[in-house]
Amino acid sequence: MDKIAVLDFGGQYAHLIANRVRRSGFFAEILLPQNLVDPAEELKGYKGIILSGGPQSVFAKESPQVDASIFELGKPILGICYGLQLIVHDLGGKVKKAGGGEYGESKLKVVGKSKLFTSVPKSSVAWMSHGDEVKKLPEGFEKTASTDNCEFAAVEDTKRSIFGVQFHPEVRHTAAGEKILANFLKICGAKKSWDLDKFLKSEITKIKKQVGKKKVFLLVSGGVDSTVAFALLEKALSKKRVFGLMIDTGLLRENEAIEVQRNLKKAGFENLKIVNEAGHFLAALRNITDPEEKRRVIGRVFLKVQRKVLKRLRFNPREWLLGQGTIYPDTIESAGTKNSDKIKTHHNRVEEIERMIEKGLIVEPLAELYKDEVREVGRKLKLPKNLIERHPFPGPGLGVRILCGESEKPKATNKIETEIYRKWKIRGKVLPLRSVGVQGDSRTFAHPVALFTASRDLEKLGSIATWIVNKFSDINRVVLSLGSSKAPRVFSAAPAKLTPSRVELAREADAIVNDILTKQKLYSKVWQFPVVLAPVFEKGGEAIILRPINSEEAMTANFARLPKTYLSAVTKKLQKLDGIEHVFIDLTNKPPATIEWE
Ligand code: XMP
């Protein structure tokens, strides 16, 4: 079988590259460069090699490398982001820190003729996420594309079939990305040999082998991933050997537990139990404000409850494995591969779970897939549409959408606010809290800027948001005030805990947002819609931040452009909630921000 090698330098999208290659019907394998003893020898059987992105600088000590002998193999090579920089660095060119970096959308302009850009428009949108950039090309290389911020956005040595791109062709937001990867695969001359049916067949064999004569105790949330995992496990092991447990954490949406039970029963899942453990979760979270600690506590309580239920039901733990609907982004963002940076610890990737994985006690049939593929598997398994097309809802639920910590504003606050006004004539306020982001494949924990303007031109405001985040390293998000268009003189923040009343407030806000979304027939127009409660205020209340996004696989996303009528209806209703002073909408893409706020 013809194979393509993807060398994983720890980029958030390394696996996505392999996924895209496979989705175009070619078999791709992910390899860790440090595990290759004789890279040239081990890679010579592949039709082509792709070098992924990564969080480090090529010139940093201990940055992941690969022996330059691979460039002499005569195989087509494509370097992406860090991969491009590695090629340039190793072959005698220069890579340097870029001015402010470039995150999110940029306009790619193709120059000259390149086989990589066959049938690619001269100008198109490409997605970037980098802090370093190429300054000088190695001998034999020429430039084939650039953007306003990045001169060498694509380069190649045509004679040696070595290509490099600074942007990410593997993410859906790069308009011509699929075409560019297809062109590379054509240059490699590989034959097609992979599809999702083959994946399903081999996964079923794998599940049977791993589970043997045991049974699976699966944590279900009613979301797409665990429902599809449930159906796939039942298909592999029969209904009798799969038991679904839904834990009501007290951090679910309004009526979620009842609706999930009803929907899953209707779809034919019989072995399903729901336990209410809200008190347990809220007690454990009572004094936690750090977002990562919050995630770890939630993950641990999940395990405790699961053990308690096993005991109560008199299930012998030696006869049962724990099943989870983990999908690939959950693992990569929890530093799932050796070179990647930890963005956040997903609830099904806490330490205890990692230890159980090592011992073979966890079954995760979807861990290789992205959300769009999970939905496709769901369709193949004939699950009803309403279960497959629900917006994703994270395991830790409202827990990651209720912000707790406060913080000082950055030292550069005045400078940032003055420069924004000078350039755009819009008042921007740096908010005294921080949220998680992902920039250049690394985690950031930085401040949002809130814009105050009467304009609702989200397209224009979105490009201002991109400018702000690229320009100021203390800022990783930009939100727009949907209520008042006049900036208050001061914004304060206070430490806030995950109290039952805040959870209730977040739940009510979430219900309002989704209710109007459904009524205005916009539910299917957004991919996911976190509603965030943040302890920032003028007079002592709180703010709600709307985070509607569109995405295909959650690795990149753009903020959704919702109509004015929707935004004003929602704002009006949210402002009536007791304790809500401000309503914002997040105008940041991923990267530089993540989907959830933490
Ligand atoms: P971020 O915020 O990293 O989110 O851009 C990417 C996707 O993952 C979901 N998410 C989670 N899902 N357990 C889950 O089951 C988690 O701990 C978790 N954290 C984030 C998030 O909702 C988005 O769809």
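# Pockets, sheets and domains of a predicted model

The largest pocket has a volume of about 630 Å³. The structure is a predicted model, and the values below are computed from it. Lining this largest pocket are 24 residues, and those nearest its centre are Glu105, Asn149, Thr466, Trp467 and Asn470. By type, its lining residues divide into four nonpolar, twelve polar and eight charged.

Several elements contribute to this lining. β5 (94-110), β6 (123-136) and α15 (458-471) each supply at least two residues of the lining of the largest pocket. The largest share, eight residues, comes from β5. In terms of domains, the lining of the largest pocket draws at least three residues from each of domain 1 (3-188) and domain 3 (413-586).

The second largest pocket has a volume of about 450 Å³. It is lined by 14 residues, and Arg253, Glu256, Glu259, Arg390 and Asn514 are the closest to its centre. Here the lining divides into two nonpolar, five polar and seven charged residues. Helices α7 and α16 (500-519) each supply at least two residues of the lining of the second largest pocket, and the largest share, five residues, comes from α16.

## Domains

The protein is divided into domain 1 (3-188), domain 2 (196-397) and domain 3 (413-586). The centres of domain 1 and domain 2, taken over C-alpha atoms, are separated by 34 Å.

## The nine-stranded sheet

An open sheet of nine strands has the order β2-β1-β3-β4-β9-β8-β7-β5-β6, and its pairing is mixed. Its edge strands are β2 (27-31) and β6, each of which pairs on one side only. On average, neighbouring strands of this sheet are turned by 20° against each other, direction ignored. Helix α1 (residues 14-23) packs on the sheet and touches β1 (3-7), β2, β3 and β4. The direction of α1 makes about 165° with that of β2.

Strands of a sheet pair through backbone hydrogen bonds, either parallel or antiparallel. In this sheet, β3 (residues 48-51) and β4 (residues 77-80) run parallel and are joined by three bridges. Isoleucine 49 stands opposite isoleucine 77 in β4.

With β6, β5 is joined by twelve bridges. Lysine 97 has aspartate 132 in β6 as its bridge partner. With strand β7 (residues 142-146), β5 pairs in the antiparallel sense over two bridges. Lysine 109 stands opposite serine 146 in β7.

## The five-stranded sheet

A further open sheet has five strands in the order β12-β11-β10-β13-β14, with parallel pairing. The edge strands are β12 (272-276) and β14 (362-363), and each pairs on one side only. Strand β13 (residues 320-323) runs parallel to β14 and is joined to it by two bridges. The bridge partner of glycine 323 in β14 is valine 363.

Helix α7 (residues 256-266) lies across β10 (215-220), β11 (242-248) and β12. It runs at about 175° to β12. α7 is also one of the elements that supply at least two residues to the lining of the second largest pocket.

| Strand pair | Direction | Bridges |
|---|---|---|
| β3 and β4 | parallel | three |
| β5 and β6 | antiparallel | twelve |
| β5 and β7 | antiparallel | two |
| β13 and β14 | parallel | two |

## Backbone details

Most residues other than glycine have a negative phi, and most peptide bonds are trans. Glutamate 62 is placed in the loop between β3 and β4.

The bond from lysine 590 to proline 591 is cis, with omega near -15°. A cis peptide bond also joins proline 591 and proline 592, with omega about 10°. Proline 592 likewise lies in the segment after β25.

Technical notes
Residues numbered from 1 in each chain as written. Predicted model: local features only at pLDDT ≥ 70, side-chain atom pairs only at ≥ 80, totals over all residues. Heavy atoms only, no water. Pairing = 2+ DSSP bridges. Helix = DSSP H or I, 4+ residues; strand = E, 2+ residues; numbered from the N terminus. Contact = heavy atoms within 4.5 Å. Axes fitted to C-alpha atoms, helices over the stretch in contact; angles between N-to-C directions. 1 Å grid on protein atoms, 1.4 Å probe; cavity = no way out; pocket = protein on both sides within 12 Å on 5 of 7 lines; lining within 4 Å. Points joined across faces, edges and corners; volume = space filled by probe spheres on them. Nonpolar A, V, L, I, M, F, W, Y, C, P; charged D, E, K, R; others polar. Domains from an automatic or database assignment.
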